[in-house]
Amino acid sequence: MGADNVDAFQRLVFSVPRLRVQAAALVLLSAVYGIAAFSGIWLFTPFDPDPSRIVPVAALIFLVPFLVAAELFPRVLDGYPRSWSYFLALTSQFALFVYALVLSGADNVGNAWSIIWLSFITLYLINILVLVVSTGIDRSDRILLVSLTEPGLLIAAFYALGGSDFGFSTYRHVFAFASLLIAAGFLVLILLVVDYLIKSNTDVSAFALTSGLLRNDRESLDLGVEARPAVETFAVDNGSRLTVAAPWVHPGPLGGFGGGQLSGNLIDALNGDGEASEGAAADGGSEGTADGSAGFFFHVPCTHKEDLSNPEDAERILDAVAEPDLTERASRLVTESYGDREGYADVRFHGRRIGDKEVIVLHGEGIDDYDTGVFMRDVDHDEVLLIDQHRHDIQNGPDAEIQYGSAAADRLKRAFDDFRDRLAEAELAAGYAAGFEVTRTGQNALALVESVDGEEVLWIGVDTNGLTPDVRTTADEYREEFDEVIPFSTDTHASIHELANARESDIDAIERAVDRAVDDLSPATVGLASRRTEPVKLLKNDYNGLVFSVNILIRLTIISLVTLYALLVLWLFF
């Protein structure tokens with residue numbers, strides 16, 4: 001995944017605990033923080049606080065403001081998840097505790113005053129920033145008001161517990177309140193500038209994009225140019241039909257934006273529009289459609305420039321899935337590695353002739369994506385299906401992207417052409433046999449077993465962006481049973497929530513699928529077809545603007561926030 005910085009949005013994704021756990025933690029931690037803060041002031045300051053104040057401090061300072069805010073945010077901001085609100089409250093509660101520890105080291109009353117008000121301002125800014133990023137800047141007026149909940153209640157508690165005893169003049173109080181409002185205004189100004197800069201680069205709101213990704217919304221990007229990409233269809237029929245769609249479209253950019261859910265949508269449709277998923281067998285298999293057919297998705301070598309800008313265009317991709325002419329004549333698998341001779345760590349092709357057409361599988365170690373013209377600029381899609389295995393580790397993907405016209409692209413093209421010449425010499429044999437199983441239990445996966453002239457090949461495909469280590473290990477173990485094993489992923493960008501946390505796959509379901517594919521092995525026919533879609537919008541060069549936008553959002557926001565905090569410290573203390 002590493003070839004583009006849009007994937008940095010994974011870093012914004014996390015899994016929050018269940019609401020009950022967070023609510024219990026909020027109550028429990030308020031007591032812990034209250035006792036710890038009280039102890040710090042008692043041990044490290046000249047003050048001698050009354051122990052009877054521990055409970056009021058824990059309740060009024062560390063519990064009530066955050067509990068009220070956690071319940072209020074989802075009610076004022078429609079659609080904001082309650083579990084997120086509690087997580088934000090826990091984060092703010094911890095930030096206040098850190099300031100309480102700093103407060104215990106204050107060497108005079110003036111510094112203590114500044115630390116207290118800096119904590120109030122910090123909590124206000126944290127709430128503004130998180131709520132804008134997760135719900136959108138168009139709600140900034142409402143967010144400015146609701147974010148005052150925590151600092152407002154804390155200020156009230158501060159004075160109720162004796163804050164007025166500091167003896168500061170009315171000017172200092174007005175100055176403190178004004179500092180809070182000025183800091184909030186400055187933060188909103190920073191966010192508006194960031195949004196403006198990104199919109200000037202590409203017509204996408206940074207915060208609409210970020211909030212949509214965090215909520216996994218389904219959105220269209222008003223970007224791109226009209227195109228009619230080819231959709232190749234690979235089909236196997238052994239009494240039941242397997243249809244695999246291989247569109248020359250990249251399944252991205254992210255989440256529900258554009259074509260991010262393309263692979264999953266096509267797999268759902270080819271398996272009966274989700275019926276298989278709902279009717280999945282208890283032991284991990286799938287019932288497929290009523291006639292026993294199933295479907296899956298192949299990733300072709302392309303980049304994010306081929307992303308759909310409108311998720312609805314997935315329907316036009318599906319409409320271009322064809323009915324290939326089928327044959328029982330196929331060649332044995334041809335395999336060739338070009339790593340040593342072409343200067344790569346490992347560039348390998350697997351290929352099989354099926355009638356007068358070719359199915360070729362590519363793996364380039366350390367290479368993420370390829371411009372569409374690298375391999376196919378002079379190749380007829382009706383004759384060749386080229387599949388990118390995309391088998392790299394799901395969490396440690398490669399960074400290299402091969403650009404059309406580069407020296408690296410020329411070397412790959414020479415290797416591809418040489419391999420096609422070798423494949424053309426492979427003899428066709430009658431008696432093609434195949435068995436397959438598509439499993440839909442939480443993670444779409446395909447097991448396909450092919451047999452030609454006594455040679456058995458196993459395909460293991462998963463609807464992920466790269467392979468988890470357990471899938472790679474499982475594929476290696478099957479090499480003892482099959483002549484060749486081809487693991488692959490669809491390069492889906494369907495859910496950054498899942499991608500950010502994926503460490504393992506449902507290996508039991510995959511192994512059951514392989515067993516069923518072996519049991520299903522029987523005489524079959526196989527075919528390949530290609531058809532152009534109706535006009536759809538692909539991001540093309542607008543994707544570069546989207547990437548630049550993400551870079552601006554991440555870097556400029558961080559720099560601005562650090563600068564804002566430094567100015568706050570200087571403003572309050574000096």
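Arg479 counts as partly exposed, because its relative accessibility is 34%. The cut-offs: buried is under 20% relative accessible area, exposed is over 50%, and partly exposed is in between, with a 1.4 Å probe and protein chains only. Arg479 forms a salt bridge with Glu484. The closest N and O atoms of Arg479 and Glu484 are 3.2 Å apart. A salt bridge here is a side-chain nitrogen of Lys or Arg within 4 Å of a carboxyl oxygen of Asp or Glu. Glu484 is buried, at a relative accessible area of 18%.

A word on the source. This is a predicted model, where local features need pLDDT of at least 70, side-chain atom pairs count only at pLDDT 80 or more, and totals for chains, interfaces and linings use all residues. Residues are numbered from 1 along each chain as its sequence is written, and side-chain values use heavy atoms, with hydrogens and water left out.

Now the overall picture. The protein has 19 helices and 22 strands. These are DSSP runs numbered from the N terminus: helices are H or I with at least four residues, strands are E with at least two. Of the 574 residues in the protein, 56% are buried. Next, contacts, meaning heavy atoms within 4.5 Å. Take the contacts in the protein with a separation of 6 or more: residues 24 or more positions apart account for 79% of them.

Back to charges. Side chains of opposite charge can pair when their charged atoms come close. How many salt bridges does a search of the whole structure find? It finds 16.

One of them joins Glu323 and Arg241, at 3.0 Å from N to O. This pair links distant parts of the chain, 82 residues apart. Glu323 sits in the loop between α12 (314-319) and β8 (330-331). Arg241 sits in strand β4, residues 241-247. Glu323 has 62% relative accessibility, so it counts as exposed.

Next pair: Asp417 and Lys413. Their side chains meet in a salt bridge at 3.2 Å, N to O. Both are in helix α15, residues 407-424. They are 4 residues apart, so about one helical turn separates them. Buried or exposed, where does Lys413 fall? Lys413 counts as buried, because its relative accessibility is 3%. Asp417, at 30%, counts as partly exposed.

There is also a network. Salt bridges link Glu71, Arg75 and Arg82.

On to helix packing. I'll take α7 with two partners.

Partner one is α3. Helix α3 covers residues 64-76 and helix α7 covers residues 149-160. Their axes come within 9 Å and cross at roughly 155°. Axes are lines fitted to C-alpha atoms, for helices over the stretch in contact, and angles run from 0 to 180 degrees between N-to-C directions. So α3 and α7 are roughly antiparallel to each other. Which residues of α7 make the contact? Thr149, Glu150, Leu153 and Leu154. From α3, the contact residues are Val64, Pro65, Phe66, Val68, Ala69, Leu72 and Phe73. By class, the contact of α3 with α7 has 9 nonpolar, 1 polar and 1 charged. Nonpolar means Ala, Val, Leu, Ile, Met, Phe, Trp, Tyr, Cys and Pro; charged means Asp, Glu, Lys and Arg; the others, Gly among them, are polar.

Partner two is α5, residues 109-135. Helices α5 and α7 pack at an angle of about 155°, with axes 9 Å apart. That makes α5 roughly antiparallel to α7. The α5 side of the contact includes Trp113, Trp117 and Phe120. The α7 side includes Pro151, Ile155 and Phe158. The contact of α5 with α7 divides into 11 nonpolar, 1 polar and 1 charged residues.

Val536 is in strand β22, residues 536-538. Val536 counts as buried, at 1% relative accessibility. Its C-alpha is 7.4 Å from that of Arg316, 220 residues apart along the chain. Leaving aside neighbours within four places in sequence, Val536 is in contact with residues including Val225, Leu308 and Arg316.

Ser179 is in helix α8, residues 170-201. Ser179 is buried, with a relative accessible area of 2%. Ser179 and Leu572 are 393 residues apart in sequence, yet their C-alpha atoms are 8.1 Å apart in space. What does Ser179 contact, leaving aside neighbours within four places in sequence? Ile121, Trp571 and Leu572.

Key:
Parallel < 35°, antiparallel > 145°, perpendicular 65-115°, else oblique.
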